[in-house]
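Trainee: Could you take one part of this protein and walk me through it closely? I'd like to see how that spot ties into what surrounds it.

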Amino acid sequence: MATFLYRLGRWAFLRRRLVTLLWVALLAVGGVLAAKAPAAPDDGFAMPGTEAQQAFDLMNERFPGGHADGASARLVFVAPSGQKITAGPNQQAVERTVAELAHAEEVTGAVSPFKAGAVSKDGTTAYATVSYSVKAGTLSTGAKDALEQAAQHGRDAGLKVEIGGNALAARGEAGGSSEAIGMSLSAVVLVITFGSLVAAGLPLLTAVVGVGLGMALITAFGSVLGLSSTTGTLAMMLGLAVGIDYAVFIVSRYRAELAEGRTAQEAAGRAVGTAGSAVVFAGLTVVIALAGLSVVGIPLLAKMGMAAAGTVVIAVLVALTLVPALLGFIGRRVLPRKVRNGGDMPTKENGGARWARFVLRRPLAVLLCGVIGLGVLAAPALDLRLGLPGDEAKPTSTTQRRAYDLLSEGFGPGFNGPLTVLVDAKGAADPKAAASEVAKTVAGLPGVVTVTPPMFNKAGDTALLNAIPATGPSAAQTNDLVHTIRGHAAGLKTATGASVLVSGTTAMNIDVSQKLNDALLPYLAVVVGLAVLLLLVVFRSVLVPLKAALGFLLSVAAALGAVVAVFQWGWLADLIGVQQTGPVMSMMPIFMVGVVFGLAMDYEVFLVTRIREGFVHGEQPGEAIVTGFRHNARVVTAAAFIMISVFAGFIGMSEPMIKMMGLGLAAAVAFDAFVVRMTIVPAVLALLGRRAWWLPRRLDRLIPDVDVEGSKLHAAPEPAPVREPVGV
């Protein structure tokens, strides 16, 4: 492989105008296709195989036009201090507001709280539910404006009015201030690392080209493949991250080859042949981790993973072709001015080499400190509770959070998370009697405050009723109540002949959490197993891949511990603006495993391949570690700082889920890069010595030799420079 990539790098360097024009043309074609593509579809959040999804599908079938999964808003009205909401002027203001919304755009229903009995016992609070014909996140601007204007009219009448529900939820968009902050910090880190504005700008430019093409293709083929802007969010974040990383490693190796006296042509070829080989296998580990999201069983996650995997593939191709092509234009200007003027590159002894020698002197102590430290940080993860935080986790500055609090005060916390019980009475002799029996049974369960009367469809064979829990949507008791109701379903079917399904947003969130929790171990097994096999081929070692996987598990556990400590226990919550503790987002473990595993293996491949390169070329195990750190520690550190900067930018966002992802991913990268790869890895390699590179003879014969470290390049004589072609 190294030989093939070496030739590819030299060809791209020599044919730089042609290669650059090809990438520009691809980007232009992608942009045109994206501009002409139809609007992206709505993602939805289908959960095949769950009871909540089964009930949603049945509701849409039996209650046509009801839009069980449509957007909804809940307007909460509170009378002025000392007054009742039922007082004449206040009641009239509420009814005018609801009547105004009933005729608004995309609204399918808005019922007065006085007709629906949605008034608190003390008479101070009422709420009205507004249903829409479209899903949350796709509500038109006109419909949102009408909702907010109606609420303002209620406020103008002297009432306190807040808006809950998902109608005002914003659709996730790729890009924004977080990416801009991440790019700016990345530029600063690269300038410090390379000491050259030209060298710092090249990885940023190529990363933007790769991400731009990837996002354009996602938009262009969105309607065909069922992709949307939300699907591309992960693709943009990871495409930017790995695009910068891969270019940084090739540029760094190119500079090192120039410093050894090679021509620019030869330096580009050897950079792509050696660092490029590491890029290919690092990219494969990321693709495996992202494609593995398909085993979770959630279509949206599978699409996000495949779209991001495609963007990573583009980033690899950009690094192998466009980067050496641009190096052909830049030449020696990639080096600092001092070096271009005759100075030496500081490669003999730097901070990375000094750190490696320190670890070599005390490998066992360093290993124990690293493992114990990560173990302590991971301890809170033993108390991990998964869920999908709702309006209760939003800042108090949002109307959704204020509506949640007012509803809890007026009616109880369970009114924020009603359970929808569907009674399929097609097989019942008396559907009305069956529904009444279900309502009576559910109302008698501990933890149920009230149950609404059954509401039948036109055919009279299916009924809906709402059960109001005594606890909030994310409370453990509400989770238990859902399972209790489902536990009575078999007995009710025997007694009445009707099937009972529990659904609604709260039940769907519980099912999502359970499904993600059940999928975590299979996902880990698939991703880690395939990556270990891949690393076995790369390093031709049994112990190094196992060490890499175990180190990754340590860093992810420590990062989950940090998330639990902040978002669930409340440690340092005020410092980053967390206003309400609660369960950890259900997707966090899966996301962290997928995203961090790919990035962690990037650092593992880049660092350890250089160590193995030194060992293969005759150095002693200890000196090979020092050589690897001398050449790559600085670049790995820069790449890690870039990733931490990108992810940490999301901590400042107001959305709690995004804030949680930002902290979790930033912490995971920090732990993995600086504790695992830069500390535990050299300590383990030092303790193992030559045994680190042990491979059974039978495996040695079976595993192909991909020559990642470029042994054949070092053995072959350096070819004479090729005259550069005229034009392209």
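Mentor: Let's start with a side-chain pair: R486 and E51 are joined by a polar contact of 3.1 Å, that is, a pair of N or O atoms within 3.5 Å, where within protein one must be able to donate a hydrogen and the other to accept it, and residues adjacent in sequence count only if both atoms are side-chain atoms. Bear in mind that this is a predicted model, where local features need pLDDT of at least 70 and side-chain atom pairs count only at pLDDT 80 or more, while totals for chains, interfaces and linings use all residues. Residues are numbered from 1 along each chain as its sequence is written, and side-chain values use heavy atoms, with hydrogens and water left out.

R486 also has a polar contact of 2.8 Å with the side chain of D511. Leaving out residues up to four places away in sequence, R486 touches E51, A52, V502, A507 and D511; touching here is contact, meaning heavy atoms within 4.5 Å. R486 sits in helix α18 (residues 476-487); helices (H or I, at least four residues) and strands (E, at least two) are DSSP runs, numbered from the N terminus. R486 counts as buried because its relative accessibility is 17%; buried means under 20% relative accessible area, exposed over 50%, and partly exposed in between (1.4 Å probe, protein chains only).

Now for a strand. In β10 (residues 499-503), 4 of the 5 residues are buried, so the strand is largely enclosed by the rest of the structure. Strand β6 (residues 419-424) pairs with β10 in the antiparallel sense over 5 bridges; pairing requires that DSSP finds at least two bridges between two strands.

On to another helix. α17 (residues 431-443) has 13 residues and spans 18 Å from its first C-alpha to its last, close to the 18 Å expected at 1.5 Å a residue; the expected span is 1.5 Å times one less than the number of residues. Its buried residues are A434, A435, V438, A439 and V442. They cover an arc of only 135 degrees around the axis, which puts them on the same side of α17; the arc is that of the directions from the helix axis to the C-beta atoms. K432 and K440 are exposed on the other side of α17. As a rule, an α-helix has 3.6 residues a turn, so residues three or four places apart point the same way.
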